[in-house]
Structures are given as C-alpha cells and as structure tokens.
Amino acid sequence: VFQFDTEFYISGLAPLCDQLVILSYVKEISEKTEVECCARPRLDIVQPLPESCEEISSDALTVRGFQENECRDYHLEYSEGESLFYIISPRDVVVAKERDQDDHIDWLLEKKKYEEALMAAEISQKTIKKHKILDIGLAYINHLVEKGEYDLAARKCQKILGKNTELWEFEVYKFKEIGQLKAISRYLPRRDPVLKPLIYEMVLHEFLESDYEGFATLIKEWPGDLYNNTIIVQAVVDHLKKDPQNRTLLQTLAELYTYDQRYGRALEIYLTLRHKDVFQLIHKHNLFSSIRDKIVLLMDFDSEKAVDMLLDNEDKISIDRVVEELENRPELQHVYLHKLFKRDHHKGQRYHEKQISLYAEYDRPNLLPFLRDSTHCPLEKALEICQQRNFVEETVYLLSRMGNSRSALKMIMEELQDVDKAIEFAKEQDDGELWEDLILYSIDKPPFITGLLNNIGTHVDPILLIHRIKEGMEIPNLRDSLVKILQDYNLQV
C-alpha cells in the first residue's frame, strides 16, 4: 500500500503492471486575465514509492469543451485484458493504449532519426506490423542524398538493398541523375548478385570522362566479366587518340587486353611502357610465339632478365633466331652470346668467331677467358683481331697457343717490358732456346738482369748469365741477388 500527495485533483485511477495510470484535473491561472480557468485533463503514468511518486510520463488530452468541465465530469475506465484505457468526458471518449514499436518507429521517422528507426525495426522485425525494414532503409538513403552525404548513402545501399538487383539498378540511375555515379561505384555488387553489364559500363564511362586513375582502379578491382570488354576497350582507344602517351590509359588497356586473352596486344603495350610485369605475363600465358619479333624491345627493357628467359626457353625460341633478331644490335647480341657461352661452351660454337670481335669491342676483360675456354674459336682470326687492336696479353696467349713461343716472349719483353712475366712464360714453356732469347734481350738492361738473377737459379746455370754481364755495368741490388743464387745453389745441392 502506498500513500502520497498530489498537486492535482484525481478524476480516475487504473493499474498498469506495477505502475498507476492517473487521470488528473488541473486548474491554471490565465496569463492575460489572471483568472483561474480549467486546463486540459492529463493522463499521467506514475511509479508509486512508499512516501511519494515518480512521474514516468504525462500527456495533456484535448477533449471537446474541456474549458467548461469540472473534475467530476471525467471518468477513467480500463479493460484489463487489453491494456486499453477509456477517458470519458461529457462530450468525448478518448481511448489510450500502450505505445508499441511501430509507434516508436513512427516517432523516430518523424524526427528524421532514420538510422535509429532502422535499428529499431531490425531488432523488432517480428513484432512490427506497420513498417517494413526496406521502406525505412530507402527513406534513409533518400534522406542522406538530400543532405548531400552521397558516400554514406552509397555505403548504406550495400546493407539496405542486399541482393535486390532491381532496387540496385533503380538506385544507380538515381545517383546518375544527380551526377554521383562515382560515389556508388565503390559499393556496387560484384558477385552474387551481379547487375546488368550496362550498369557497370555506365559507371566506367563516367570515370573515363573525368578520372583516369579511378577508371584504372575499377578495372583492376572489378572482375573482367562484369561488363562488355569490347565496348570498354573501344572507349579507351578513343580516349587514347586524344592523349596517346597517357601511361594510366595504356596500362589499363593492356589489362583489358589480358582479360580478353589478347595477350600479344597487351605485351606490346607493356613493352612500350617498360612495365615490370612483362616477363611475368610472358611466362604466365606462354607468349613465346608473340615475342619472336620483340626480342630487341625485351633486351632494351631488361637485358639480364630477357637473356635468362630466352636461354631458359631455348626450345621455344632457338639460339639462331635470337642471334638473327639481334643482328643490328651487336652490343645486345654480345650480352646474349656471352651468357650462352657461360652456360655452355659448346652450344653457340658456330658464333665463336663472331664473338671474338664482340668481346674485343664491348667486353675486353672477358676476351682472354673466352679465348682460353673456347675450343671452337679460330686462332688465326683471333690473332688477327688482337694484333689489329694491339691487345698484347691476348696476342701473347694466342702466339704461345699456336706454338710461336719466341714471338710471344719477344712481345712480353718489348711491349710489356715485364721481366717477371717473361720469366714466368719461359718457365711455363721450359725451352732452352727461350731462356737464351731472354738472356740475350736482358743482358744490356740492368733491371732485367736483376730480375733474371733473382729468378733464374733453378732453371738455368746462373754462371752462364754472370759470365755475359759486361764489366763495369751497374746492376741494382747485385749483392742480394748473388747471395740468393748461392743460397738456392746450396739448397739444390
């Protein structure tokens, strides 16, 4: 049992769960005339407490003729099972009932709180009768569009429209009318459902007119079967006529050709752009037949990768074909043949003669190793080229290999003037005549004599050399050399 005072007269009471419904009658003072007059009756819901009460809600009721009514003119009746309340006055009957979720949603929509209305409808979708989630959602999208929040409106389309293709297409056209196709492009469905190709083409054309980068992004992100590839390719080609060097458009066109399996066309563009994916594209789609006439372009782009790829796929593009294609670019021909020779000394043997000139022209440091390792190289031709270019080391090697050791030794001494090298050479050949030549050449050159004295001991009798030295000739470090000869001699004994 509760007891509390109120500031108003009570015309009726009714229970609502553990709360009270009170029909109250109030008199208020008129501001204008300061005369007491009857106010509208109020229907309050209160939570009774032991000493007081807490007001939960209060609604003023508009009944006809409320100005003349007294407290005893109002009655409150209620129907227990239905939570219905009847307010009876001399000229009106008002029915009150508990607010439900539909009423709540109505109120939210009236206040334009669409997001909350949508959430409320989703939570109570089994109990609401008046409202449909889709209708609230569409109203929300329209509201966002009116406010100019196009991106948010487009994002909400994903959730609200779901898999309904008709509604999707309707919304896309609506966005087109307000010039906001770009906003909705990011959120268009790409798989389950898929819209008509025309929709995607319309969006792509919009981007193509104003934003090449955005267009390129969509082509990368969208599966190639969403739209008619031929139509889009033609549109890109038309735009390229106005701006033929545009890298973004060219790259996108190459991607479109790849989707359409026109790999040859794609390859041409990638090569022109020097695009990093070109080798990947060739391997992935086995385009070796398409690159037969593009070998120079490939080599210009990245000779290392190109050569490796050509050598790895020799069965698809023959060595002869590659060499022929590179005929007008000898520096590239050299790169290819050099790598081939490093992999296999015999495969390109028919080109070894050609390679002598190529090494001499473009890669002198590797000429001598090539001459040493090649067994198919014509020595006379090589000697001719090396002598023309005055390549002493290579000429010395060729002369000795052809058996002309004396000429080789003469070159070392006269051209290189390197006594150590001459001695090394004489040791390798181990020929008495060569030592004789070496001594004869050195006998009037003190630095050479020093070199000979230091190194000759174990190969030729030093006495022969010492006897030939002219009296009075100054020889650097002679004492040290003679001591060394004696030590070597002791060692040998």
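**View 1. Pro 476 and the residues that it touches in this predicted model.** Once residues up to four places away in sequence are set aside, Pro 476 touches Pro 446 and Thr 450. Pro 476 itself belongs to the loop between helix H25 (462–468) and helix H26 (478–492), and its relative accessible area of 41% makes Pro 476 partly exposed.

**View 2. Ser 24 in strand E2.** Strand E2 covers residues 19–25 and includes Ser 24, which is buried because its relative accessible area is 0%, where buried means under 20%. Apart from neighbours within four places in sequence, Ser 24 is in contact with Phe 8, Tyr 9 and Ser 11, and also with Pro 41, Arg 42 and Asp 44.

**View 3. Helix H11 and the residue that follows it.** Within helix H11, which runs over residues 263–273, the residues Tyr 263, Ala 266, Leu 267, Ile 269, Tyr 270, Leu 271 and Leu 273 are buried. In an α-helix, residues three or four places apart point the same way, because there are 3.6 residues a turn. After H11 comes Arg 274, which has a positive phi, near 55°.

**View 4. A negative surface patch that includes Asp 420.**

Terms used:
Residues numbered from 1 in each chain as written. Predicted model: local features only at pLDDT ≥ 70, side-chain atom pairs only at ≥ 80, totals over all residues. Heavy atoms only, no water. Patch = residues over 30% accessible without salt bridge, like charges linked within 9 Å, V, L, I, M, F, W, Y side chains within 5 Å. Areas by Shrake-Rupley, 256 points an atom, 1.4 Å probe, with all protein chains shown as cover. Salt bridge = Lys/Arg side-chain N within 4 Å of Asp/Glu carboxyl O. Lys, Arg positive; Asp, Glu negative; His and termini not counted. Charge placed at Lys NZ, Arg CZ, Asp CG, Glu CD. Helix = DSSP H or I, 4+ residues; strand = E, 2+ residues; numbered from the N terminus. Buried < 20%, exposed > 50% of the residue type's maximum accessible area, 1.4 Å probe, protein only. Contact = heavy atoms within 4.5 Å.
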